[in-house]
Structures are given as structure tokens and as C-alpha cells.
Amino acid sequence: MRKKLRVCKNKPQEYACKAFVSVAMCVSCGLFLHTDWVEEAIAKGIGQIVAVTGTDAQKLKKSMAEANIETLLEPYRAAVKEQGDIVKKLKDSKGDEIELKKAVSELKIRKKKLEDQITKLTPKEHVIDRLKMEDLLKRRFFYDQSFSIYGGVTGLYDYGPMGCAIKANVLAEWRRHFILEEQMLEVDCSMLTPEIVLRASGHVERFSDYMVKDVKTGECYRADHLIEGEILTNLIIQLLMTGFILGHLEKLLKAKDINNEKKDEIERLLPQIDNMKSTDMHATIQKYNMKAPLTNNDLSEPVAFNLMFATSIGPTGQIKGFLRPETAQGMFVNFKRLLEFNHGRLPFAAAQIGNSFRNEISPRSGLIRVREFTMAEIEHFVDPADKTHPKFDDVANLEITLYSATNQMNGQPAQLTNLGHAVESKLVDNQTLGYFIGRIYLFLTKCGVNKQRLRFRQHMSNEMAHYATDCWDAECQTTYGWIECVGCADRSCYDLTQHTKFSGIKLVAEKPLPASKKVIVNDISTQNSIIGKEFKQDKDIVMNYLNKLSHDDAKNLHEKLNQSNNTQINIDGKEFKITRQMFELKTSEKIVHVEEYVPSVIEPSFGIGRIMYAMWEHNFVVREDDEQRTYFTLPPIIAPYKCVVLPLSGNNEFKSFVKLISSSLTQAGISHKIDTSSGSIGKRYSRSDEIAIPFAVTIDFDSLKQPYTATLRERDSFKQIRLKIDELANVLQGLSTGTVTWGVVTSMYPEFKEQQATAAKEDSINE
């Protein structure tokens with residue numbers, strides 16, 4: 001349909017589209033119009049209108065919707081940028097610390113309002129029915145709550161046959177993608193970890209959350225979650241379906257009688273909760289008269305609760321330990337052995353896959369926050385003076401969505417960025433960090449994460465540890481919001497330095513000097529016989545302490561002993577008198593040809609459970625023609641089984657073919673499922689689709705004729721081809737490993753429409 005009119009270029013906004021039902025476009029100026037307004041435009045004689053339908057109309061609607069959303073978000077983005085500029089100015093001028101904290105707090109408030117608006121305006125087609133998806137996952141036993149026959153334990157989950165197979169495939173692909181490709185050194189370290197190791201890493205002192213208790217029942221709640229919480233309309237449904245705790249402040253915001261002043265006060269308080277100390281949390285709980293959610297009883301004062309599972313090692317209970325909260329420490333403490341195995345050469349990477357444990361106070365969000373989880377971590381050791389990577393060019397041309405700290409400070413959305421340009425401009429600090437960001441992106445998208453719902457968010461300066469150089473999190477958008485699935489950080493030399501300090505063992509690498517040079521060497525000398533005679537059963541404690549002294553501490557002790565012949569030292573609260581005869585610091589000159597240095601560490605850390613959950617959400621589909629039929633479109637390389645073998649019926653003549661096909665698939669290493677259950681072939685296709693099986697081999701009556709053939713059906717398109725049975729294994733092997741696509745296969749074999757043979761003794765069975 002065309003209606004020719006003069007074009008008005010001066011008043012394009014007068015007819016800007018606000019309702020996205022059907023659209024038309026002005027030919028000359030390209031203005032999108034709602035078709036309901038076309039007649040008005042004609043009446044005013046201001047343009048030439050071309051109706052747009054079909055796919056083009058959908059594209060225009062999407063484009064207009066996105067433009068309209070950005071228009072609505074513009075004032076919120078501007079508010080964030082305004083406050084971000086204030087924070088930058090205070091930091092650059094090293095202004096008053098209190099003023100800076102206030103400015104950062106206000107920035108968080110404005111960021112929270114922006115994020116809330118983005119969530120509110122997210123198109124409905126981007127949101128899945130989480131309850132329907134989780135019903136499928138639990139019904140087909142992908143996973144379920146652990147010990148469910150005893151009522152279950154919050155934060156603990158068991159993977160069933162499908163979950164186990166998918167997890168194994170994800171980890172197998174992780175090994176291929178990282179360990180094999182990069183020739184990493186894989187280790188498998190103990191989960192039981194002595195306290196001293198985690199004291200060196202900082203976990204003993206800092207790995208904690210604040211907790212409050214119901215003063216009568218003793219029920220524990222994480223303080224910040226209790227205050228902030230989640231918005232759900234029915235507390236009973238909330239507890240039964242998700243195990244969440246309804247947040248008091250979020251609940252107040254939903255109250256109908258709340259005034260604007262109180263609402264603004266609460267909205268300003270919510271973004272500050274993460275930075276609250278125990279006294280601040282207690283004051284907030286008191287001010288808003290917060291009670292225990294289940295009993296309405298009073299709450300205790302918040303106390304710090306260490307998230308590690310404590311235990312004792314050995315029958316005496318004297319060796320205190322913990323279940324590891326991460327796998328990284330095992331690689332750090334084995335650095336010296338790994339360096340020797342690698343012939344003393346850097347860079348090299350260590351890798352480990354294993355379970356970690358965090359004793360969450362009140363786990364929530366299903367698989368997103370649990371108490372036991374599988375991690376896959378890499379520690380890439382590199383010379384801090386040279387962080388280039390020889391394979392960076394392999395990923396430099398990737399276009400990746402980066403959400404930089406600057407974007408966050410300015411209220412701007414994440415931007416699709418060329419990775420090479422990001423490293424060149426120092427947005428990403430160095431090539432090695434950039435290389436791993438690229439490899440992480442390729443791994444996640446290969447596993448089925450939707451690249452449109454994947455971003456890399458840079459840590460802001462107030463988030464990063466003081467020792468970190470740069471940190472980026474791979475975040476996946478889910479119904480729980482943006483969740484961190486992979487962290488990728490340049491941790492500098494902090495970890496090896498800490499373990500050197502606490503163990504007394506130098507964890508360093510060497511590199512040749514351009515020319516030899518003289519250096520001053522300090523050697524600690526202890527008189528073990530004198531120390532043993534004086535301190536008896538405490539001799540080992542004293543000797544370990546003295547031998548592990550840093551250069552500066554040893555020098556200070558030596559000077560004290562030279563001045564007064566003896567001095568007191570304190571070891572774990574116990575005083576010991578050290579004399580000049582017990583300890584000496586010897587200094588000498590030495591010619592060296594190599595230089596020692598502490599390597600930096602680039603650490604990609606993968607949460608396997610979170611990645612799997614994001615994959616499930618991103619690949620959950622409801623059939624358009626049947627809302628009861630739901631399934632997962634997981635890539636073949638990740639799918640739990642690569643194919644299902646289906647005899648058309650229970651005809652005895654089919655059994656030998658089922659056995660033949662199964663044997664050939666097994667020999668080719670192709671995981672498969674045989675379904676000889678009752679029901680139509682269509683219902684059996686549906687059952688296999690539900691558990692993400694990408695291909696189905698069907699044996700029908702045409703299979704009984706020579707040359708023996710079968711049909712091969714693809715899950716997502718429903719299309720089928722017919723091929724020889726002895727070719728099935730090779731074709732499926734290519735499809736399941738990704739070396740050949742379904743499009744290529746369909747071009748090589750005839751499409752299957754219907755059986756050529758008829759069988760009077762069999763009822764016709766249609767999908």
C-alpha cells in the first residue's frame with residue numbers, strides 16, 4: 001500500500017511512534033509512524049507513507065522499541081553521569097574522605113534507580129517462565145534438592161542423570177578449550193585445607209557476612225538480605241518455591257500507604273546496604289522495627305559469620321582446617337613444584353577443577369547461590385614486566401559487549417567493543433587479560449550462552465582489591481538479573497607474596513640478567529641446640545618463627561640483640577626471651593647472573609553451576625503451537641545424549657537394527673539413548689526434545705529394505721533426512737563435535753517426507 005504525500009522534515013517528532021502494534025515509514029525522511037496516524041498525516045498533506053509489513057515491520061518495531069526505551073532511560077543515565085563526575089573530581093583532588101563516601105553512596109543510589117528502570121522496561125519476549133523451566137528441570141531430574149525425602153537442606157543440590165551428563169560435557173569442553181589448547185598444567189589438590197593456608201590468603205580474617213538470629217528460635221538470617229531481600233507478593237509461596245527471605249525494606253516499598261518522603265528514604269538506603277558495618281545494620285533494623293520473617297520475633301545484633309566450613313584434621317583435633325572456599329590456593333602453594341616441572345620457564349598456567357564450599361547464611365536463588373559448588377580455575381603466572389600474549393591476535397578481532405567502569409560511572413549502557421582496540425586503548429589492562437576475556441567469550445557462547453545476553457563488566461575502583469590491577473566479570477542475564485558466571489582478574493603478585501610470607505618458602509621465578517652484578521645477601525643463622533635446651537617443647541615454634549622472618553624483621557631483631565643481648569618476641573600471644581647466642585643475621589656479597597621476581601597472576605575463575613543455569617535459561621523454548629511442549633536447544637557438544645534411537649514400533653524385525661546402530665554409536669564414542677517405550681513416535685520425539693537430545697534416529701519399515709537406511713531428525717527444525725545405517729556414526733560424530741553443521745548434512749542427503757513402504761499389519765503412526 002502506498003499513499004503519496006508531501007514530506008514534512010520539520011516535525012518528525014510530531015508523529016513519533018509510541019505504540020508498537022503496526023508501523024509505517026515515511027519514504028523521504030525515514031520517520032517511523034504508527035499506521036493509525038497515517039490518515040491524520042494524509043489529511044495534513046505532509047508526507048509520503050509506505051506501509052511496512054512482515055519481517056521488516058518486526059525489525060522496525062524492535063528498532064523503535066529500543067529507541068523509545070533509551071529515550072525513557074536518558075534522564076536516569078544523565079543523573080548517574082552527573083554524580084559519577086562528582087566522584088571522579090573528589091578522587092582526583094584527593095578531597096575529604098567523608099565527602100567522597102557520601103558521593104559514592106549517592107552514585108550507588110542513582111545506579112540502582114537506573115538498573116531498576118532497565119529491568120522494568122525489558123521487553124517481555126526476553127523473559128522466560130522460570131517456574132515452567134524449573135518444573136521441567138526437576139521433573140526430568142536434571143537436578144533436585146539434596147536429601148529431599150528428609151525435607152532437604154537449603155543450598156545443597158543433587159544433579160540427576162541429565163544434569164550429570166551436561167556437567168560432564170561442559171567440563172570436558174572446558175578441558176579441551178583451555179587445558180589442551182593452552183597446554184596448561186592440571187592439578188587436583190586437597191579440599192581439606194589447614195588454617196595457616198587460608199590465613200595467608202586472607203580468608204580467615206575477611207571471608208565473612210553479617211548474620212542476625214531470631215532471639216527465640218535461633219533461626220539465622222543474612223543481615224543484608226533480610227534488610228534488602230527480594231520482592232514477592234506472598235511470603236508462603238516465596239518460602240516454598242524459592243527459599244528466599246522477603247526483604248523488609250522492599251516490602252515497605254510495596255505498601256500502599258507509604259508516603260513519598262518515606263519511599264525516597266528507603267530507596268536511598270537500599271544501595272548502601274552492601275557497605276554497611278554491623279552497627280549501621282543494627283541501627284537500620286531498629287529504626288524500621290524489623291522482625292524475624294517467620295515468627296515476627298525480635299532479632300539479635302548483627303555479628304560477623306565466617307563463610308568457611310571449619311573442621312579439625314586428625315584424631316587429636318589439634319590441626320584446625322577448613323573445607324576450601326575456592327580451588328585457587330592449592331595451585332598457589334604448589335607453584336614451586338609446577339615451575340620446576342615447567343623447567344623454570346614463564347609464562348605458564350595451572351588449572352584445577354573441583355568442588356568448593358561456602359557456608360552461606362541463607363542461600364537463595366536456587367542454583368545461583370549454593371553451599372557446595374564446582375569451580376574450574378586457571379592461574380596464569382606471568383612476568384609482571386611483560387604481560388603480552390603470543391596468541392592475542394587470535395582473539396583481537398572479536399566484538400564483545402564490555403561494560404566498563406567508565407560506562408557505569410557515566411550511566412551509559414554496555415558497548416559492543418573490538419577486543420583488540422580495548423587492549424590497545426588500555427580499557428583492558430594488558431594482552432594476557434584480554435586474551436583470556438576473548439577465550440572465555442568463545443567458551444561460553446560455544447556452550448550455548450546467548451551472546452546477546454552476555455557482557456563483561458569491569459570492576460569499579462571501590463570493588464577491586466587493593467592489589468588487583470584490573471578485573472572483569474563475565475555476566476549472564478537471567479530472570480535473577482545479571483549474574484556473575486566467570487571472574488577474570490589480574491591479581492598482580494599478591495597471592496605468591498602472601499604464601500612466601502607465611503610459609504617462609506620463596507615462591508619466585510628467575511630470569512637472566514643482561515650482565516652479572518654484586519648483591520648483598522642476608523642469611524639467618526639459628527643455634528638449634530641452645531633454643532631446644534631453653535624452650536624444650538616450644539622449640540619448633542620458636543625456630544619456625546625465626547627462620548621465617550622477613551628481611552626487615554630479621555634485621556630489626558639482629559639490631560636489638562646487638563644493643564641489649566636479649567629481647568622478647570611474641571608468638572601467638574606467648575612471650576619468648578631470645579638471646580644473642582640463639583640468633584644471628586649474617587651479611588655477605590654475592591655475584592649473581594639471574595634476577596628473582598614474584599610472578600603476577602591472571603586468574604579466570606568459572607562457576608560451573610551458574611554457567612549451566614544460564615545455559616538452561618538461554619536455551620529454554622516453548623513450542624509456539626503447543627505451550628505444554630517445552631524443551632532445551634542446547635548445542636550438540638553440551639547435550640546430555642547426542643542422539644536417541646527410536647524403533648517406529650515394537651515390531652521384532654526392528655530389534656536387530658536397534659542393536660546394530662547402538663553398537664556402532666558406542667564404538668564411535670557417541671552417547672545415545674534407546675527409547676523402545678510405548679507411545680507414538682511424536683510423543684517419543686517430544687520426550688527426547690525435553691532433555692535436549694539434538695538428533696533422533698528412527699528405524700521404520702523402509703529400514704528393512706536393502707540398502708539398510710534410517711531417518712535422522714534434527715530437534716530444532718523438525719527436518720529429517722534418510723541415510724544408510726553404516727553412515728550414521730560418522731555423520732553423528734561430526735554433528736556432535738561441531739565439525740559439521742546440520743545445513744551441510746541436509747545438502748548431502750535426501751530430505752525424508754514419508755515412508756515408501758507400507759505395512760498392513762502396522763497402524764500408521766504420525767508425529
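**Reading aromatic pairs and their surroundings**

Author: Ring pairs join Phe 142, Tyr 143, Tyr 157, Trp 616, Phe 620 and Phe 632 into a cluster. The model is predicted, so local features need pLDDT of at least 70, side-chain atom pairs count only at pLDDT 80 or more, and totals for chains, interfaces and linings use all residues. Residues are numbered from 1 along each chain as its sequence is written, and side-chain values use heavy atoms, with hydrogens and water left out.

Reader: What makes two rings pair?

Author: Rings of Phe, Tyr and Trp (its six-membered ring) pair if their centres lie within 6.5 Å. Planes under 30 degrees apart count as stacked, over 60 as edge-to-face, and the rest as tilted.

Reader: How many aromatic pairs does this rule give?

Author: The count is 21 aromatic pairs. Take Phe 443 and Phe 606: their ring centres are 5.9 Å apart and their planes stand at 90 degrees, so the pair is edge-to-face.

Reader: Which elements hold Phe 443 and Phe 606?

Author: Helices (H or I, at least four residues) and strands (E, at least two) are DSSP runs, numbered from the N terminus. Phe 443 is in helix 17 (residues 431-446) and Phe 606 in strand 25 (residues 600-607), so the pair ties together parts 163 residues apart in sequence.

Reader: Is Phe 443 buried or exposed?

Author: Buried means under 20% relative accessible area, exposed over 50%, and partly exposed in between (1.4 Å probe, protein chains only). Phe 443 has 0% relative accessibility, so Phe 443 counts as buried. Phe 606 is also at 0% and counts as buried.

Author: Next, Phe 657 and Tyr 708. This aromatic pair is edge-to-face, with 5.1 Å centre to centre and 70 degrees between the planes. Phe 657 lies in helix 23 (residues 655-667), and Tyr 708 in the loop between strand 30 (695-699) and strand 31 (709-714), 51 residues apart. Phe 657, at 9% relative accessibility, counts as buried. Tyr 708, at 37%, counts as partly exposed.

Reader: Where does Arg 130 lie?

Author: A charge sits over a ring if NZ of Lys or CZ of Arg is within 6 Å of the ring centre and within 35 degrees of the ring normal. Arg 130 lies over the face of Tyr 480, 3.8 Å from the ring centre. The charged end of Arg 623 sits over the ring of Tyr 631, at 4.0 Å from its centre.

Reader: What does Thr 478 touch?

Author: Contact means heavy atoms within 4.5 Å. Leaving out residues up to four places away in sequence, Thr 478 touches Arg 453, Ile 483, Ala 614 and Glu 617. Thr 478 is in strand 19 (residues 470-478).
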